[in-house]
Amino acid sequence: MGVVAKRSSMTFFSHGEDHYSHRVRIVLAEKGVTVDVLDTDPDHLPEDVTSLNPYNSLPTLLDRDLVLYEANIMMEYLDERFPHPPLLPVYPVARAESRQLMYRIQRDWCGDVDTILANKDAATVEQARQNLRDNLITIAPIFNELPYFMSEEFTLVDCCAAPILWRLPVLGIELPEKSAKPLLKYMSRVFERESFRLSLSEAEKEMRS
């Protein structure tokens, strides 16, 4: 039998160290989706990825005839396809606000994270590390207000933030106990969720072992 015949209807090609892959794995775990999660080496992509994804990139999600290769699109697709529990608000204004927070995480955090992990130029990496640390300390007080990222409920915004916060030791960032206390409490709250624990790859478990 061929690979396709043996596979469940949904396959997620994931990079075990990548925070973009991780955010989708959290959504899959939150929804309890039956899916084959394949920990994939980005330097040796399987034919399913190279033949179906025009960017030869990870993560890649296959659901029958649908191929998705952008993490946030995967997250919203999964939220719509598996509506319980909902991970975006029902009302358009609140949904737009959540999407804008996801965009801000992308603009304000992800660029610095990717620069640090690329580790190409020491001065550039140190500047990115300082930027990210400052951003996190600045935003920390908002977590005094609500249990999740500007929300009473766990949402896709948390799915974007949590993988980055989990990687802080790998990124070389230590948050000050006093000024970042609300953020540190939020991190503990999210990291203790069953879905978050289930989402972790073997490589991610070792990041905080």
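This note reviews the sheet, the helices packed on it and the aromatic contacts of the structure.

1. The model is predicted, with local features needing pLDDT of at least 70 and side-chain atom pairs counting only at pLDDT 80 or more, while totals for chains, interfaces and linings use all residues. Residues are numbered from 1 along each chain as its sequence is written, and side-chain values use heavy atoms, leaving out hydrogens and water.

2. Four strands form an open sheet with mixed pairing, in the order β2-β1-β3-β4. Strands are DSSP runs of E, at least two residues, and helices are runs of H or I, at least four, both numbered from the N terminus; two strands pair if DSSP finds at least two bridges between them. The edge strands, each pairing on one side only, are β2 (36-39) and β4 (66-68).

3. Strand β1 (residues 10-14) runs parallel to β2 and is joined to it by four bridges. The bridge partner of S14 in β2 is D39.

4. Eight aromatic pairs are counted; rings of Phe, Tyr and Trp (its six-membered ring) pair if their centres lie within 6.5 Å, with planes under 30 degrees apart stacked, over 60 edge-to-face and the rest tilted. W166 and F191 form an edge-to-face pair, 4.9 Å centre to centre with 90° between the planes. W166 belongs to helix α7 (residues 156-166) and F191 to helix α9 (residues 181-191), 25 residues apart.

5. Two arginines lie over rings (CZ of Arg, or NZ of Lys, within 6 Å of the ring centre and within 35 degrees of the ring normal). R193 is 4.1 Å from the ring centre of F154, and the charged end of R208 is 5.3 Å from that of W166.
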